[in-house]
Amino acid sequence: MLKTLFPTLARFRLAVQLIMLFVTVYGSVFVGTYMADKISNNLPALSCAYDQMNGGYCVLIPTQHILHHRIGEGIVRAQQLTFGMVLPLLMSFLSFFAFFFVIGKAFCGWVCPLGTIQEIVGRIGRRFGIGLRRLETGDLGAATKARPVKWLLLLGLVFLLPLLTGLGVTPHSLGNPYCDICPSRVATTLLTGNTEQLALNLGDSVSFGLGGIANLLIGFTLVGALAVRQPFCRICPLLAFNAVFQRLSPMRLKKTMHENCGKCGICTEACPMDIPEIAREEGRKAYSEDCTLCGRCAEYCPQDGIIQLKWGPLALFSSRREYYKNRVKGELPDGTVKPIKFVKAATKGGEANA
(Lines give C-alpha, C1' and ligand atoms only; values in the text may rest on other atoms or scores of the structure.)
Protein backbone atom coordinates (compact mmCIF):
# COMPACT_ATOMS: atom_id res chain seq x y z
CA MET A 1 0.00 0.00 0.00
CA LEU A 2 2.81 2.42 0.96
CA LYS A 3 4.73 1.54 -2.19
CA THR A 4 1.65 2.22 -4.33
CA LEU A 5 0.66 5.59 -2.85
CA PHE A 6 4.09 6.93 -1.89
CA PRO A 7 7.16 5.87 -3.91
CA THR A 8 9.52 6.74 -1.02
CA LEU A 9 9.34 6.62 2.76
CA ALA A 10 10.45 10.24 2.82
CA ARG A 11 7.41 11.37 0.84
CA PHE A 12 5.13 9.40 3.12
CA ARG A 13 6.76 11.00 6.17
CA LEU A 14 6.47 14.46 4.59
CA ALA A 15 2.76 13.82 4.01
CA VAL A 16 2.34 12.85 7.68
CA GLN A 17 4.36 15.90 8.76
CA LEU A 18 2.26 18.30 6.69
CA ILE A 19 -0.97 16.78 7.98
CA MET A 20 0.22 17.01 11.59
CA LEU A 21 1.47 20.57 11.03
CA PHE A 22 -2.05 21.48 9.92
CA VAL A 23 -3.66 19.54 12.79
CA THR A 24 -1.40 20.94 15.53
CA VAL A 25 -1.90 24.54 14.37
CA TYR A 26 -5.47 24.59 13.05
CA GLY A 27 -6.96 21.31 14.35
CA SER A 28 -9.09 22.89 17.07
CA VAL A 29 -11.25 24.47 14.38
CA PHE A 30 -12.53 20.99 13.60
CA VAL A 31 -12.41 19.15 16.94
CA GLY A 32 -13.12 22.11 19.23
CA THR A 33 -10.81 23.87 21.66
CA TYR A 34 -11.67 21.56 24.57
CA MET A 35 -10.71 18.37 22.72
CA ALA A 36 -7.70 20.04 21.09
CA ASP A 37 -6.43 21.07 24.53
CA LYS A 38 -6.88 17.57 25.99
CA ILE A 39 -5.07 15.92 23.09
CA SER A 40 -2.30 18.36 22.22
CA ASN A 41 -0.97 19.15 25.69
CA ASN A 42 0.11 15.53 26.05
CA LEU A 43 1.92 15.17 22.72
CA PRO A 44 5.67 14.63 23.22
CA ALA A 45 6.32 17.03 20.34
CA LEU A 46 6.56 20.80 20.08
CA SER A 47 3.08 22.04 19.23
CA CYS A 48 3.01 25.54 20.66
CA ALA A 49 0.21 27.88 19.78
CA TYR A 50 0.78 29.11 23.34
CA ASP A 51 -2.26 30.72 24.98
CA GLN A 52 -4.35 31.05 21.86
CA MET A 53 -7.65 29.21 21.61
CA ASN A 54 -6.96 27.88 18.11
CA GLY A 55 -4.12 25.48 18.84
CA GLY A 56 -2.39 23.36 21.42
CA TYR A 57 0.81 23.02 23.34
CA CYS A 58 3.21 20.29 24.36
CA VAL A 59 3.76 18.32 27.56
CA LEU A 60 6.42 20.78 28.76
CA ILE A 61 3.79 23.42 29.66
CA PRO A 62 1.82 21.31 32.21
CA THR A 63 5.14 20.04 33.55
CA GLN A 64 6.33 23.61 34.21
CA HIS A 65 2.97 24.77 35.53
CA ILE A 66 2.73 21.90 37.99
CA LEU A 67 6.29 22.42 39.24
CA HIS A 68 5.65 26.17 39.54
CA HIS A 69 2.11 26.44 40.88
CA ARG A 70 1.72 23.15 42.76
CA ILE A 71 4.98 21.61 43.95
CA GLY A 72 7.03 24.80 44.39
CA GLU A 73 4.33 26.89 46.06
CA GLY A 74 3.29 23.90 48.16
CA ILE A 75 6.78 23.57 49.62
CA VAL A 76 7.11 27.31 50.29
CA ARG A 77 3.85 27.21 52.30
CA ALA A 78 5.33 24.32 54.30
CA GLN A 79 2.33 22.17 53.48
CA GLN A 80 2.60 18.44 53.29
CA LEU A 81 3.31 17.11 49.81
CA THR A 82 0.03 15.33 49.18
CA PHE A 83 -1.51 13.38 46.37
CA GLY A 84 -3.39 16.54 45.46
CA MET A 85 -0.08 17.96 44.25
CA VAL A 86 1.59 14.85 42.89
CA LEU A 87 -1.46 13.37 41.18
CA PRO A 88 -1.84 16.07 38.46
CA LEU A 89 1.82 15.69 37.50
CA LEU A 90 1.45 11.91 37.57
CA MET A 91 -1.64 12.05 35.36
CA SER A 92 0.13 14.38 32.94
CA PHE A 93 3.04 11.95 32.64
CA LEU A 94 0.73 8.94 32.32
CA SER A 95 -1.20 10.53 29.46
CA PHE A 96 2.13 11.51 27.87
CA PHE A 97 3.31 7.90 28.10
CA ALA A 98 0.07 6.70 26.52
CA PHE A 99 0.92 8.71 23.41
CA PHE A 100 4.65 8.08 23.62
CA PHE A 101 4.26 4.31 23.91
CA VAL A 102 2.68 4.10 20.45
CA ILE A 103 5.27 5.87 18.29
CA GLY A 104 7.97 6.99 20.74
CA LYS A 105 10.53 9.46 19.42
CA ALA A 106 8.93 9.35 15.97
CA PHE A 107 6.89 12.27 17.33
CA CYS A 108 10.01 14.37 16.77
CA GLY A 109 10.63 13.17 13.23
CA TRP A 110 7.05 12.82 12.00
CA VAL A 111 4.71 15.03 14.07
CA CYS A 112 6.56 18.00 15.58
CA PRO A 113 5.53 21.13 13.63
CA LEU A 114 8.81 22.93 14.30
CA GLY A 115 10.73 19.96 12.90
CA THR A 116 8.53 20.01 9.81
CA ILE A 117 9.06 23.75 9.33
CA GLN A 118 12.83 23.34 9.57
CA GLU A 119 12.79 20.56 6.97
CA ILE A 120 10.67 22.62 4.59
CA VAL A 121 13.00 25.62 4.98
CA GLY A 122 15.97 23.32 4.37
CA ARG A 123 14.38 22.01 1.18
CA ILE A 124 13.88 25.58 0.00
CA GLY A 125 17.53 26.34 0.72
CA ARG A 126 18.72 23.37 -1.29
CA ARG A 127 16.34 24.15 -4.14
CA PHE A 128 17.86 27.63 -4.41
CA GLY A 129 21.38 26.27 -4.34
CA ILE A 130 22.35 27.29 -0.80
CA GLY A 131 25.25 25.06 0.14
CA LEU A 132 24.54 22.47 2.83
CA ARG A 133 26.73 22.72 5.91
CA ARG A 134 27.16 19.50 7.87
CA LEU A 135 28.31 19.45 11.47
CA GLU A 136 31.43 17.43 12.11
CA THR A 137 30.73 13.93 13.41
CA GLY A 138 32.75 11.72 15.73
CA ASP A 139 33.34 11.84 19.47
CA LEU A 140 34.78 15.37 19.29
CA GLY A 141 32.69 16.63 16.38
CA ALA A 142 30.31 19.57 16.62
CA ALA A 143 27.28 17.28 16.22
CA THR A 144 28.30 15.37 19.35
CA LYS A 145 29.44 18.42 21.33
CA ALA A 146 26.03 20.06 20.91
CA ARG A 147 24.22 17.19 22.68
CA PRO A 148 24.64 18.42 26.28
CA VAL A 149 22.90 21.72 25.43
CA LYS A 150 19.44 20.13 25.19
CA TRP A 151 19.91 18.44 28.57
CA LEU A 152 20.98 21.72 30.18
CA LEU A 153 17.89 23.45 28.73
CA LEU A 154 15.64 20.65 29.98
CA LEU A 155 17.07 20.64 33.51
CA GLY A 156 17.53 24.41 33.83
CA LEU A 157 14.60 25.98 31.99
CA VAL A 158 11.94 23.27 32.17
CA PHE A 159 12.53 21.86 35.67
CA LEU A 160 14.78 24.01 37.87
CA LEU A 161 13.67 27.61 37.20
CA PRO A 162 9.89 26.92 37.41
CA LEU A 163 10.48 25.12 40.72
CA LEU A 164 12.62 27.98 42.06
CA THR A 165 9.93 30.42 40.97
CA GLY A 166 7.33 28.46 42.89
CA LEU A 167 9.62 28.62 45.92
CA GLY A 168 9.85 32.38 45.56
CA VAL A 169 13.58 32.34 44.79
CA THR A 170 13.34 33.64 41.22
CA PRO A 171 10.95 36.24 39.71
CA HIS A 172 7.43 35.28 38.67
CA SER A 173 8.39 35.97 35.04
CA LEU A 174 10.54 32.82 35.12
CA GLY A 175 7.59 30.53 35.76
CA ASN A 176 7.60 29.27 32.15
CA PRO A 177 11.09 30.20 30.95
CA TYR A 178 11.47 27.65 28.20
CA CYS A 179 8.06 28.28 26.68
CA ASP A 180 8.81 32.02 26.69
CA ILE A 181 11.82 31.45 24.41
CA CYS A 182 10.54 28.44 22.46
CA PRO A 183 10.85 29.04 18.67
CA SER A 184 7.95 26.66 18.05
CA ARG A 185 5.68 29.04 19.96
CA VAL A 186 6.66 31.86 17.62
CA ALA A 187 6.65 29.81 14.42
CA THR A 188 3.30 28.10 14.91
CA THR A 189 1.52 31.27 16.03
CA LEU A 190 2.90 33.10 13.00
CA LEU A 191 1.27 30.43 10.83
CA THR A 192 -2.08 31.43 12.31
CA GLY A 193 -1.48 35.04 11.22
CA ASN A 194 -0.79 36.23 14.77
CA THR A 195 2.39 38.30 15.20
CA GLU A 196 1.95 39.07 18.90
CA GLN A 197 4.62 36.58 19.96
CA LEU A 198 7.25 38.67 18.16
CA ALA A 199 6.47 41.69 20.35
CA LEU A 200 8.76 42.36 23.32
CA ASN A 201 7.23 42.70 26.78
CA LEU A 202 8.43 45.97 28.30
CA GLY A 203 6.78 45.25 31.66
CA ASP A 204 9.97 43.97 33.30
CA SER A 205 13.54 43.24 32.34
CA VAL A 206 13.21 39.46 32.65
CA SER A 207 10.24 39.27 30.27
CA PHE A 208 11.98 41.66 27.89
CA GLY A 209 15.11 39.50 27.92
CA LEU A 210 13.17 36.29 27.34
CA GLY A 211 11.32 37.90 24.43
CA GLY A 212 14.61 39.00 22.91
CA ILE A 213 16.01 35.48 23.23
CA ALA A 214 12.86 34.06 21.62
CA ASN A 215 13.26 36.35 18.61
CA LEU A 216 16.93 35.43 18.30
CA LEU A 217 16.11 31.73 18.47
CA ILE A 218 13.40 31.83 15.81
CA GLY A 219 15.75 33.82 13.57
CA PHE A 220 18.58 31.35 14.20
CA THR A 221 16.24 28.43 13.53
CA LEU A 222 14.74 29.68 10.27
CA VAL A 223 17.90 31.19 8.78
CA GLY A 224 20.11 28.36 10.02
CA ALA A 225 17.75 25.75 8.57
CA LEU A 226 18.55 27.03 5.08
CA ALA A 227 22.06 25.60 5.33
CA VAL A 228 22.13 23.31 8.39
CA ARG A 229 19.68 20.44 8.77
CA GLN A 230 17.44 20.64 11.83
CA PRO A 231 19.49 23.27 13.72
CA PHE A 232 17.13 23.67 16.68
CA CYS A 233 16.36 19.95 17.01
CA ARG A 234 19.97 19.44 18.09
CA ILE A 235 19.42 21.53 21.24
CA CYS A 236 15.69 20.91 21.76
CA PRO A 237 14.89 19.99 25.40
CA LEU A 238 11.85 17.99 24.30
CA LEU A 239 14.14 15.71 22.30
CA ALA A 240 16.08 15.14 25.53
CA PHE A 241 12.80 14.56 27.40
CA ASN A 242 11.76 11.97 24.82
CA ALA A 243 15.21 10.37 24.88
CA VAL A 244 14.85 9.63 28.61
CA PHE A 245 11.92 7.32 27.86
CA GLN A 246 12.89 6.02 24.41
CA ARG A 247 13.42 2.49 25.73
CA LEU A 248 9.82 2.38 26.99
CA SER A 249 8.34 2.48 23.50
CA PRO A 250 8.32 -0.52 21.15
CA MET A 251 8.99 1.91 18.29
CA ARG A 252 12.73 1.84 17.72
CA LEU A 253 15.60 1.73 15.28
CA LYS A 254 17.38 -1.59 14.76
CA LYS A 255 20.86 -1.77 13.27
CA THR A 256 22.93 -4.88 12.57
CA MET A 257 26.55 -4.69 11.53
CA HIS A 258 27.73 -5.22 7.95
CA GLU A 259 31.30 -5.50 6.77
CA ASN A 260 31.01 -2.07 5.15
CA CYS A 261 29.62 -0.38 8.27
CA GLY A 262 31.89 2.43 9.40
CA LYS A 263 33.46 2.65 5.96
CA CYS A 264 30.86 4.08 3.58
CA GLY A 265 29.18 6.36 6.18
CA ILE A 266 26.17 6.90 3.92
CA CYS A 267 23.67 6.46 6.76
CA THR A 268 25.33 9.19 8.84
CA GLU A 269 25.48 11.42 5.79
CA ALA A 270 21.75 10.88 5.25
CA CYS A 271 20.90 11.52 8.91
CA PRO A 272 19.55 15.08 9.38
CA MET A 273 21.05 15.04 12.89
CA ASP A 274 24.52 13.89 11.68
CA ILE A 275 24.55 10.99 14.16
CA PRO A 276 27.88 9.11 13.90
CA GLU A 277 26.77 6.07 15.92
CA ILE A 278 24.41 4.82 13.23
CA ALA A 279 27.35 4.17 10.90
CA ARG A 280 29.74 2.52 13.33
CA GLU A 281 27.59 0.85 16.03
CA GLU A 282 24.88 -1.79 16.19
CA GLY A 283 21.96 -2.61 18.48
CA ARG A 284 21.02 -0.07 21.14
CA LYS A 285 24.26 1.89 20.71
CA ALA A 286 23.21 2.83 17.19
CA TYR A 287 19.89 4.25 18.49
CA SER A 288 21.31 7.56 19.67
CA GLU A 289 19.67 10.08 22.00
CA ASP A 290 19.52 12.48 19.02
CA CYS A 291 17.62 10.06 16.78
CA THR A 292 14.17 11.30 15.72
CA LEU A 293 13.23 8.04 13.94
CA CYS A 294 12.81 9.89 10.64
CA GLY A 295 13.98 6.79 8.75
CA ARG A 296 16.44 8.42 6.36
CA CYS A 297 19.29 6.17 7.50
CA ALA A 298 17.21 3.13 6.54
CA GLU A 299 16.25 4.71 3.23
CA TYR A 300 19.85 5.36 2.23
CA CYS A 301 21.51 2.21 3.54
CA PRO A 302 22.60 0.31 0.39
CA GLN A 303 22.50 -3.08 2.11
CA ASP A 304 19.41 -5.29 2.50
CA GLY A 305 17.90 -5.44 6.00
CA ILE A 306 20.79 -3.77 7.85
CA ILE A 307 18.76 -0.85 9.26
CA GLN A 308 15.10 -1.24 10.20
CA LEU A 309 12.34 0.84 11.73
CA LYS A 310 10.52 -1.55 14.03
CA TRP A 311 7.49 -1.55 16.30
CA GLY A 312 8.06 -4.45 18.63
CA PRO A 313 8.70 -7.53 16.47
CA LEU A 314 7.14 -5.87 13.40
CA ALA A 315 9.52 -4.38 10.83
CA LEU A 316 7.83 -1.27 9.44
CA PHE A 317 10.61 -0.44 6.98
CA SER A 318 13.91 -2.13 6.09
CA SER A 319 16.87 -0.93 4.08
CA ARG A 320 17.00 -2.36 0.55
CA ARG A 321 19.58 -1.99 -2.15
CA GLU A 322 17.00 -1.50 -4.93
CA TYR A 323 15.19 1.14 -2.88
CA TYR A 324 18.51 2.93 -2.31
CA LYS A 325 19.33 2.97 -6.05
CA ASN A 326 15.95 4.50 -6.88
CA ARG A 327 16.13 6.96 -3.99
CA VAL A 328 19.47 8.51 -4.97
CA LYS A 329 18.16 9.24 -8.46
CA GLY A 330 15.97 12.02 -7.03
CA GLU A 331 17.86 13.09 -3.91
CA LEU A 332 21.34 12.41 -2.58
CA PRO A 333 21.84 11.19 1.00
CA ASP A 334 22.76 14.67 2.26
CA GLY A 335 19.53 16.05 0.82
CA THR A 336 21.08 17.70 -2.23
CA VAL A 337 18.60 18.17 -5.08
CA LYS A 338 18.73 19.87 -8.44
CA PRO A 339 18.42 23.66 -7.86
CA ILE A 340 15.72 25.72 -9.55
CA LYS A 341 16.87 27.68 -12.60
CA PHE A 342 14.97 30.90 -13.20
CA VAL A 343 16.59 31.67 -16.58
CA LYS A 344 16.86 29.00 -19.23
CA ALA A 345 20.15 28.66 -21.04
CA ALA A 346 20.14 30.48 -24.37
CA THR A 347 19.98 28.32 -27.47
CA LYS A 348 22.66 28.45 -30.07
CA GLY A 349 20.22 30.03 -32.47
CA GLY A 350 19.33 32.70 -29.96
CA GLU A 351 22.99 33.46 -29.35
CA ALA A 352 23.57 33.76 -33.06
CA ASN A 353 20.66 36.18 -33.50
CA ALA A 354 21.92 38.20 -30.56
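Which residues lie nearest the centre of the largest cavity? They are E119, R126, R229, Q230 and P272.

## Basis of the model

This is a predicted model, in which local features need pLDDT of at least 70, side-chain atom pairs count only at pLDDT 80 or more, and totals for chains, interfaces and linings use all residues. Residues are numbered from 1 along each chain as its sequence is written, and side-chain values use heavy atoms, with hydrogens and water left out.

## Cavities

The structure holds 4 cavities of 30 Å³ or more. A cavity is a set of points, on a 1 Å grid over the protein atoms alone, where a 1.4 Å probe fits but cannot get out; lining residues have an atom within 4 Å of a point. Volume is the space filled by probe spheres set on the points.

The largest cavity has a volume of about 160 Å³. Its lining comprises 15 residues. Helix α8 (residues 113-127) gives the most to this lining, with 5 residues. Helices here are DSSP runs (H or I, at least four residues), numbered from the N terminus. By class, the lining of the largest cavity has 3 nonpolar, 4 polar and 8 charged residues. Asp, Glu, Lys and Arg count as charged; Ala, Val, Leu, Ile, Met, Phe, Trp, Tyr, Cys and Pro count as nonpolar; the others, Gly among them, are polar.

The second largest cavity has a volume of about 120 Å³. It is lined by 15 residues, and L253, C271, I275, C291 and C297 are the closest to its centre. This lining divides into 11 nonpolar, 3 polar and 1 charged residues.

## Salt bridges

Side chains of opposite charge can pair when their charged atoms come close. A salt bridge here is a side-chain nitrogen of Lys or Arg within 4 Å of a carboxyl oxygen of Asp or Glu. The count comes to 10 salt bridges.

E289 and K150 form one of them, at 2.8 Å from N to O. The pair links distant parts of the chain, 139 residues apart. E289 sits in the loop between α16 (277-280) and α17 (296-300), while K150 is in helix α10 (residues 147-166). K150 is buried, at 0% relative accessible area, whereas E289 is partly exposed, at 26%. Buried means under 20% relative accessible area, exposed over 50%, and partly exposed in between (1.4 Å probe, protein chains only). E289 and K150 also belong to a network of salt bridges with R147, E277 and D290.

R296 pairs with E331, their closest N and O atoms being 3.0 Å apart. R296 lies in helix α17 and E331 in the loop between α18 (321-330) and α19 (348-353), so the bridge ties together parts that are 35 residues apart in sequence. R296 is buried, at 7%. E331 is buried too, at 7%.

E322 and K325 are bridged at 3.9 Å between closest N and O atoms. Both lie in helix α18, 3 residues apart, about one turn of the helix. E322 is exposed, at 53%; K325 is partly exposed, at 39%.

## Nonpolar surface patch

I19, F22, V23, V29 and F30 make a nonpolar surface patch of about 530 Å². Patch residues have over 30% relative accessible area and no salt bridge; nonpolar side chains (Val, Leu, Ile, Met, Phe, Trp, Tyr) are joined within 5 Å, and like charges within 9 Å. Accessible areas come from the Shrake-Rupley method with a 1.4 Å probe.

Helices α2 (9-26) and α3 (28-31) each give two or more residues to the patch. α2 gives the most, with 3 residues. V23 lies in helix α2 and is partly exposed, at 41% relative accessible area.

Key:
1 Å grid on protein atoms, 1.4 Å probe; cavity = no way out; pocket = protein on both sides within 12 Å on 5 of 7 lines; lining within 4 Å.
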